[in-house]
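Please keep the model in view while reading the points below.

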Amino acid sequence: MDSEGVDAIEEHRLTIDDFPNEVFERIISYLNAEDRKVASLVNYRWSQFCFSRIALGKVQLELNCAQRSPRDYWTVLEKSSRCYRNVLLKFASDDEGYLLRILDKFKPSLERVSIEQDADARLLHTEISSTYLSRMLEALCNVKELTIKTIIELSDSVDGTELPRLELVEAVCLYTHCMEGDWIDWARICPNAKYIGVPLQDGCNGFPRLAHHFSNDVEHLSIDARFVERDSLDFIHEDFPQLKKFRFLYPISNSSAAHEVNSFISRCSNLTEISLFINSISQEVLQIIAESCTQLQVVSLDTNEIPQSAFSILSKLPLLRQLVLHKMTVEPAMITSALIFPALCRLTCLSIRINCPDAFHQVHKKMPLLTELELLDRFRFGISNFNQNGVVAAICTHMRNVRRLALVDWAILDLSIFGQLNMLTNLTELRLKCIGLNANKAIPCCAGVRKLILDVDSLKSADTIPLTSRPALAEIISEGFPGLKSIELRKQLLDKTKCSEQEIFALRSIMTDCAFYRRTRLSMSDKDYAALL
């Protein structure tokens with residue numbers, strides 16, 4: 001090719017500024033708040049899109065009135081041209097109404113609002129007038145999700161006050177004692193709610209009234225009944241024909257309550273997702289789930305005890321795609337007795353006791369479509385140390401179809417445990433959350449891995465390895481994962497040492513074609529699983 005042709009190609013080489021506005025805006029939306037501030041300084045176009053409505057979709061505006069006065073926030077935000085969609089309001093006194101001005105300003109763009117109490121605040125509750133409440137609800141007319149986690153009391157009666165209706169609200173989460181009473185009818189204020197989350201408490205009848213009103217329309221129901229001491233649960237007697245997602249936390253301690261829960265589940269035939277947080281799950285409730293809820297796609301069980309037939313029963317669900325298990329003990333025989341899971345592709349084990357690593361051989365046989373495996377030991381409960389229990393070697397030997405693997409261990413992981421990682425020929429994503437990495441052995445070449453997430457406290461080399469035999473972590477990663485396209489690291493490592501940052505700098509210099517991301521916080525499981533914790 002002549003020099004003129006090369007020059008022509010150089011002239012027409014695309015840059016990020018050549019992308020259409022829609023594509024450019026979507027790319028910007030993945031930046032965190034700090035990176036977005038830096039990117040906004042590039043030029044006028046970048047500044048416009050860094051704070052557009054779509055780009056700010058994941059950004060939360062926090063107004064903590066226990067730390068700063070509402071007047072200070074208004075001074076800063078009064079001339080803001082940004083379209084905030086999410087607001088976290090940590091409530092305190094607002095005698096001058098500056099919080100109302102802020103809510104009014106962002107009223108057209110607001111979609112999610114959460115009203116909470118600051119953990120360090122001295123006030124245990126907030127008192128407002130009925131007029132203030134009416135104005136606040138009016139400012140939330142475009143909100144789709146409303147959460148109230150603090151005690152808000154009225155200083156006067158609402159008699160004669162017509163409270164605005166929030167027609168667009170689809171999700172309502174009302175926590176204990178938040179604006180409860182006969183003078184506030186949430187069923188009228190949020191007539192189109194599809195998701196309801198309310199903790200139950202003895203002596204509080206707000207939730208049964210809500211459940212009765214919305215029972216024909218509710219699609220998502222989340223219930224925290226840990227503090228209910230009565231033998232019966234009023235909401236269970238309602239029918240929810242449209243219910244698709246049910247989350248229930250209740251330490252059932254008597255047979256009558258367990259029978260009522262079983263009866264309720266048997267009537268929810270349209271469920272696609274169920275999460276149960278119960279001390280002990282019986283074979284009866286699992287049978288009811290398998291026979292009555294045949295459309296289930298996600299099952300989450302948080303319990304100390306499960307029957308030996310648990311996997312055998314759950315394998316009868318034809319559409320089950322995700323299975324989340326918490327805190328229980330899993331024996332190989334429990335999996336051996338199961339049928340083939342026809343659609344299961346994702347398995348998450350949170351603090352599970354696995355007494356025999358060879359259980360993964362049975363997992364592979366009974367779950368042939370499994371491609372995502374997450375082993376998380378957040379509470380030092382079950383899989384206590386991957387360095388010693390042989391779990392990783394068993395996964396590499398038997399789970400050949402895994403494409404996404406996540407390991408969480410509150411210890412320093414020895415890289416020697418990944419000696420057979422290249423046997424996972426389909427692996428494309430590896431997530432590690434641990435205190436640190438012990439670079440005591442090279443990782444075999446895993447050319448298929450495209451994404452690596454390291455949520456570690458420190459990348460400093462372990463002092464137990466002599467300097468003469470200590471391989472560089474950057475070399476181990478670059479040689480073990482030559483096909484990497486992206487690496488995610490913590491925004492700030494806990495040890496704050498130069499050694500860790502030097503390792504990251506060395507890794508950047510070697511893997512020039514790999515994108516690096518620094519996250520403030522990395523979630524080792526999807527947000528729905530994180531929420532279950």
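**Aromatic residues and overall view**

One aromatic cluster is formed by Phe240, Phe246, Phe248 and Phe264. The model is predicted. Its protein chain contains 19 helices and 23 strands, and 50% of the 533 residues count as buried.

**The chain as a whole**

- Among contacts between residues at least 6 apart in sequence, 75% join residues that are at least 24 apart.
- The accessible surface of the protein chain comes to about 25,700 Å², and 49% of that surface belongs to carbon and sulfur atoms.

**Aromatic pairs**

- The structure holds five aromatic pairs.
- In one of these pairs, the ring centres of tyrosine 84 and phenylalanine 106 are 5.3 Å apart and the planes stand at 85°, so the arrangement is edge-to-face.
- This pair links distant parts of the chain, 22 residues apart: tyrosine 84 belongs to the loop between helix H5 (70–77) and strand E2 (86–90), and phenylalanine 106 belongs to the loop between helix H6 (98–105) and strand E3 (112–116).
- Tyrosine 84 and phenylalanine 106 are both buried.
- Phenylalanine 246 and phenylalanine 248 form a stacked aromatic pair, with 5.7 Å from centre to centre and 15° between the planes.
- Phenylalanine 246 has a relative accessibility of 3% and counts as buried; phenylalanine 248, at 0%, also counts as buried.

- The structure holds 15 salt bridges.
- One of them joins the side chains of glutamate 111 and arginine 85, at 3.2 Å from N to O.
- Glutamate 111 is buried, with a relative accessible area of 9%, and arginine 85 counts as buried at 15% relative accessibility.

- Arginine 404 forms a salt bridge with glutamate 372, and the closest N and O atoms are 3.3 Å apart.
- Glutamate 372 is in strand E17 and arginine 404 is in strand E18 (residues 404–408), so that distant parts of the chain, 32 residues apart, are linked by the pair.
- Arginine 404 counts as buried at 10% relative accessibility, whereas glutamate 372 counts as partly exposed at 23%.
- Glutamate 429 also forms a salt bridge with arginine 404, with the closest N and O atoms 3.4 Å apart.
- Because glutamate 429 lies in strand E20 (residues 429–438) and arginine 404 in strand E18, the pair ties together parts that are 25 residues apart in sequence.
- Glutamate 429 counts as buried, at 13% relative accessibility.
- Salt bridges that share partners connect Arg346, Glu372, Glu374, Arg404, Glu429 and Arg431 into one network.
- Glutamate 374 lies in strand E17 (residues 372–376) and is buried, with a relative accessible area of 0%.
- A polar contact of 3.3 Å joins the side chain of glutamate 374 to that of arginine 404.

**Enclosed helices**

- Helix H16 (residues 391–398) has six of its eight residues buried, so it is largely enclosed by the rest of the structure.
- The buried residues of H16 are Val391, Val392, Ala394, Ile395, Cys396 and His398.
- Helix H17 (residues 473–480) likewise has six of its eight residues buried, and it is therefore largely enclosed by the rest of the structure.
- In H17, the buried residues are Leu473, Ala474, Ile476, Ile477, Ser478 and Gly480.

**A buried leucine in a loop**

- Leucine 317 is found in the loop between helix H12 (310–314) and strand E13 (322–326).
- Its relative accessibility is 0%, and leucine 317 therefore counts as buried.
- Not counting residues up to four places away in sequence, leucine 317 touches Ile289, Ala290, Cys293, Thr294, Leu296, Val299 and Pro342.
- The C-alpha atoms of leucine 317 and leucine 296 are separated by 7.0 Å, while the two residues are 21 residues apart along the chain.

**A nonpolar surface patch**

- Ile16, Phe19, Val23 and Ile27 form a nonpolar patch on the surface, and together they have about 280 Å² of accessible area.
- Phenylalanine 19 lies in the loop between helix H1 (3–11) and helix H2 (21–28).
- With a relative accessible area of 32%, phenylalanine 19 is partly exposed.

Terms used. Residues are numbered from 1 along each chain as its sequence is written. This is a predicted model: local features need pLDDT of at least 70, side-chain atom pairs count only at pLDDT 80 or more; totals for chains, interfaces and linings use all residues. Side-chain values use heavy atoms; hydrogens and water are left out. Buried means under 20% relative accessible area, exposed over 50%, partly exposed in between (1.4 Å probe, protein chains only). Helices (H or I, at least four residues) and strands (E, at least two) are DSSP runs, numbered from the N terminus. A polar contact is a pair of N or O atoms within 3.5 Å; within protein, one must be able to donate a hydrogen and the other to accept it, and residues adjacent in sequence count only if both atoms are side-chain atoms. Contact means heavy atoms within 4.5 Å. Patches are made of residues with over 30% relative accessible area and no salt bridge: like charges are joined within 9 Å, nonpolar side chains (Val, Leu, Ile, Met, Phe, Trp, Tyr) within 5 Å. Accessible areas come from the Shrake-Rupley method with a 1.4 Å probe; for residues, only the protein chains shown count as cover. A salt bridge is a side-chain nitrogen of Lys or Arg within 4 Å of a carboxyl oxygen of Asp or Glu. Rings of Phe, Tyr and Trp (its six-membered ring) pair if their centres lie within 6.5 Å; planes under 30 degrees apart count as stacked, over 60 as edge-to-face and the rest as tilted.
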